[in-house]
Amino acid sequence: MVKYNMKILSIMICFASILLFTGCSDTTQNNSADNKEYKISFVDDDQKQINIAEPAKKIISLYSAHTENLYKLGMDDEIIGVGKSDIYPAKVLEKKKFDYKNADPESIILEEPDLVLIRPFINRSRPDFVQALEKAGINVVSLYPESFDEFDDYIKKLSFLTGTEDKANELLKDFYAKIDDVKEKTKNIDDKVNVYFESSEQDYKTVTVDSMPGMAIDIAGGINVASDVKPIKEGSSIASYGTERILEKADDIDVFVSQNGVMNAGGNKHSITIRPGFDTIKAIKNDRVYVINQKIISSPTFRYLDGINEMCRMFYPEIFDDYSKYDVDEDVTREELAEIVVKFKHKPVFVPTSKYYRKDHKGHTYGMFEDVDMNDEKINFVEAAVTSGYIDGFKEDDKEYFYPNKKVTREEFAKVLFIMSDIKPIDTKINISDIAEVENKKIVQMIIDNKIMTLKNNKFNPKEYVTGKDVVKSLDLLSSIN
């Protein structure tokens with residue numbers, strides 16, 4: 001009997017291996033369906049067989065996530081056109097724009113791309129547009145991962161189309177390593193928060209547990225109170241929930257997160273708090289309603305990690321906004337100070353919308369720093385600190401710089417403290433013997449009078465650098481008076 005069972009088990013293992021091999025071959029190379037050999041061969045998300053001889057060299061991407069991921073794969077030069085609303089990374093703004101909504105396939109055909117990337121929604125809403133491109137002999141590939149576990153397959157298909165398999169594997173390895181780091185930090189948290197995620201105000205929709213926001217809640221150490229939902233249709237990540245079910249769990253919802261974005265936008269903080277009956281929700285009573293941009297939590301890009309990190313900061317600020325590692329006798333850089341002040345203020349990261357770039361910005365424009373790469377691990381802190389006005393950027397010859405590794409002077413730090421705080425002049429003036437050497441005299445005088453920074457032998461020493469210990473001490477003092 002044991003031998004018989006072992007034989008059955010061996011047959012099942014062999015069968016499973018065949019299935020696994022067959023499944024992989026669908027997204028790898030060499031397909032002979034029409035008696036031709038193709039280097040790139042797979043079925044796209046419109047269930048169309050894709051057979052392409054060589055990786056694309058002239059690409060038009062009509063979906064922002066495709067565009068963003070192509071840049072991540074290093075396809076800057078191969079992208080010859082993007083969708084009308086694509087804005088990330090900022091260098092996308094230099095590319096030629098195309099609008100499938102106005103259904104003008106001729107403008108794309110004239111560019112002679114060897115690949116046009118779309119998503120199924122475009123094919124469903126503008127089938128004539130897609131057919132016109134295909135009739136012109138252009139390879140049109142439709143991709144869109146509906147759930148988190150389809151992300152790998154999606155990125156790998158993009159890499160097949162562009163000949164960037166090694167880069168994709170490297171990015172995915174780093175992506176999952178960072179997710180594992182977050183899981184390691186959240187797995188042993190004792191009092192995990194209960195979370196409700198609103199994907200749309202209409203019918204108070206939420207998301208399924210296997211969606212990207214649903215998985216992010218779990219990775220960030222939250223407990224999804226709507227884990228019992230069913231999708232509105234098969235394959236969808238959206239689920240109806242309704243006011244009644246939300247209010248039934250009013251006492252359990254520790255954190256209320258609303259998705260903000262162009263499609264299916266959830267409510268903003270004010271609109272949520274004034275809804276009838278919502279004042280009974282624990283998260284609203286405790287001022288724990290947050291808004292997150294859908295581009296970093298629902299869009300299938302590597303910025304999904306930013307969304308996970310933002311959720312961690314929402315759920316457990318005492319852990320993920322902790323900056324005590326900088327409480328040391330070492331000079332602080334501008335990049336490090338950006339991280340510290342954003343965490344101190346619990347400031348969300350800044351995510352631009354397409355409207356953002358339609359107007360001029362007097363100071364800094366997001367994504368325009370010449371010396372801070374968009375892949376820099378502190379880019380979100382730098383952008384949040386500068387767009388919030390806490391720290392200055394610099395313009396030189398019409399280019400923007402942040403000088404991330406430059407050390408921070410005492411006068412520069414005093415200005416940051418002043419901007420972040422709500423301090424006022426007080427009657428008791430402390431004598432600063434070197435005030436004549438200070439550029440921002442009123443600001444420094446107020447900071448010293450309010451005892452947020454201290455003097456050394458009655459001198460402010462404006463050009464002296466601040467240490468991490470100095471910064472942490474001043475922020476502690478600032479907290480005590482605000």
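**Notebook: sheet order and backbone exceptions**

I looked up the open sheet first: it has 5 strands in the order E5-E4-E3-E6-E7, and the pairing is parallel. Strands E5 (96-98) and E7 (140-142) form the edges, each with a single partner strand, so one side of each has no neighbour in the sheet. From one strand to the next, the twist averages 25 degrees.

The model is predicted: local features need pLDDT of at least 70, side-chain atom pairs count only at pLDDT 80 or more, and totals for chains, interfaces and linings use all residues. Residues are numbered from 1 along each chain as its sequence is written, and side-chain values use heavy atoms, without hydrogens and water.

My terms: strands (E, at least two residues) and helices (H or I, at least four) are DSSP runs numbered from the N terminus. Two strands pair if DSSP finds at least two bridges between them. Angles run from 0 to 180 degrees between N-to-C directions, with axes as lines fitted to C-alpha atoms.

I then checked E3 (residues 59-61) against E4 (residues 79-83): they run parallel, joined by 3 bridges. Ile60 is opposite Gly81 in E4.

Next, the loop between E4 and E5 holds Pro89. The peptide bond between Tyr88 and Pro89 is cis, with omega about -5 degrees.

Tyr403 has phi near 55 degrees and lies in the loop between E15 (399-401) and H16 (410-420). Lys451 has phi of about 60 degrees and sits in the loop between H17 (441-449) and H18 (468-481).

Are they buried or exposed? Tyr403 is partly exposed at 29% relative accessibility; Lys451 is exposed at 58%. Buried is under 20% relative accessible area, exposed over 50%, partly exposed in between (1.4 Å probe, protein chains only).
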